[in-house]
Amino acid sequence: MEPRKRPEYVLEVLADPTCVKDIVRGILHTIFFHRYFPSMRPSSLDVLDLTLPVVADPELETLIETRVGQLVRQLSSTSSPTGGSRGELGVRFFEKRRRKAGGLGGWLTGTGKSEEEVCWEVWKLKITLTTPTTDTERMTLLRAEAPALQRIAMTIVKIVNRDKDHIPPITTSETNPFPYEILLNPRAEYDGKTIGFFS
């Protein structure tokens with residue numbers, strides 16, 4: 001049986017230094033709002049006159065704040081006064097599957113785990129930080145950021161409403177049935193079967 005090909009979605013983000021943190025936080029929360037399956041009380045975040053959904057989970061919020069903070073520090077340290085800098089965040093969602101029996105399995109490797117995490121969806125945020133040098137450039141960028149963020153949010157909604165068949169069934173009563181990770185500057189490596197992110 002051929003393994004399912006997991007979808008990978010790429011979102012391009014252009015932001016100025018004053019808004020990049022809120023824009024990226026808003027996008028990440030929008031993705032998680034549609035892919036975080038435990039029951040929750042919805043909350044919201046206002047970014048550039050847009051109201052975006054927020055998953056009010058302390059562990060997730062801490063992870064988002066940490067990764068966005070790392071990204072902003074990286075973008076700020078590599079930015080030049082005349083140009084911008086680029087960074088990337090990767091979000092992966094996993095399902096827990098029972099390891100296939102047979103072979104030497106975890107006995108020789110010492111893992112001994114009866115479950116493995118298999119990625120079922122990947123989101124990549126490619127962020128370009130641009131630093132306007134004139135007031136005209138600054139105003140042009142500020143006017144463009146809100147519609148761009150709205151397009152990204154609507155793209156996320158369209159994708160999650162359209163692409164549902166690859167979401168694995170929920171087979172556990174754990175609080176969050178699907179583990180996730182957010183990586184700064186992930187690199188994709190193809191080994192013939194899977195694409196993995198390594199930070």
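D49 is exposed, because its relative accessibility is 83%, above the 50% cut-off. This residue sits in the loop between β2 and β3. Its phi is positive, about 65°, although D49 is not a glycine.

N185 also has a positive phi without being a glycine, here about 50°. N185 belongs to the loop between β6 and β7 (187-190). At 28% relative accessibility, N185 counts as partly exposed.

**The chain as a whole**

This is a predicted model. How many helices and strands does the protein chain have? There are four helices and eight strands. Along the sequence, they follow the pattern β-α-β-β-α-β-α-β-α-β-β-β.

The protein chain has 199 residues, and 41% of them count as buried. Take the contacts in the protein chain with a separation of 6 or more: 74% of them come from residues 24 or more positions apart.

How confident is the predictor? The mean pLDDT of the protein chain is 82, and 80% of its residues reach 70 or more. Residues 189-199 have a pLDDT below 50. In the model, this stretch makes 25 contacts beyond near neighbours in sequence. Where pLDDT is low, the predicted coordinates should not be read in detail.

**Aromatic pairs**

The count of aromatic pairs comes to six. Y9 and W123 are one of these pairs: the ring centres are 4.7 Å apart and the planes meet at 45°, so the pair is tilted. The pair ties together distant parts of the chain, with Y9 in strand β1 (residues 8-15) and W123 in strand β5, 114 residues apart. Y9 is buried, at 8% relative accessible area. W123 is buried too, at 0% relative accessibility.

Now take W120 and F178. How are their rings arranged? This pair is edge-to-face, with 5.2 Å from centre to centre and 65° between the planes. Here, too, distant parts of the chain are linked: W120 is in strand β5, and F178 is in the loop between α4 (135-162) and β6 (180-184). The two residues are 58 residues apart. W120 is buried, with a relative accessible area of 3%. F178 is also buried, with a relative accessible area of 3%.

The two pairs can be set side by side.

| Pair | Centre to centre | Angle of planes | Arrangement |
|---|---|---|---|
| Y9 and W123 | 4.7 Å | 45° | tilted |
| W120 and F178 | 5.2 Å | 65° | edge-to-face |

Ring pairs also build a cluster, made up of F32, Y36, F93, W120, F178 and Y180. Is F32 buried or exposed? F32 counts as buried, because its relative accessibility is 0%. Leaving aside neighbours within four places in sequence, F32 is in contact with V55, L60, I64, V91, F93, Y180 and I182. One of these is F93, which lies 61 residues from F32 in sequence. In space, the C-alpha atoms of F32 and F93 are 9.7 Å apart.

**T128 in strand β5**

T128 lies in strand β5, which covers residues 115-129. T128 counts as buried, because its relative accessibility is 18%, under the 20% cut-off. Its side chain makes a polar contact of 3.5 Å with the side chain of R86. Which residues does T128 touch, apart from its neighbours within four places in sequence? They are V13, L14, A15, S85 and R86.

**Helix α4**

Helix α4 has 28 residues. It reaches 41 Å from its first C-alpha to its last, close to the 40 Å expected at 1.5 Å a residue. Where does α4 bend? The bend is at E145, by about 25°. A proline, P147, follows within four residues.

Which residues of α4 are buried? They are L141, E145, L149, I152, A153, I156, I159 and V160. What do the buried residues of α4 pack against? Their partners are β1, α1 (20-35), β2 (42-47), β3 (50-55) and β5.

Definitions and conventions. Residues numbered from 1 in each chain as written. Heavy atoms only, no water. Buried < 20%, exposed > 50% of the residue type's maximum accessible area, 1.4 Å probe, protein only. Polar contact = N/O pair within 3.5 Å; in protein donor to acceptor, adjacent residues only side chain to side chain. Contact = heavy atoms within 4.5 Å. Phe/Tyr/Trp six-rings, centres within 6.5 Å; stacked < 30°, edge-to-face > 60°. pLDDT = per-residue confidence, 0-100. Expected span 1.5 Å × (residues − 1). Bend = angle between axes of the 7 residues up to and from the residue.
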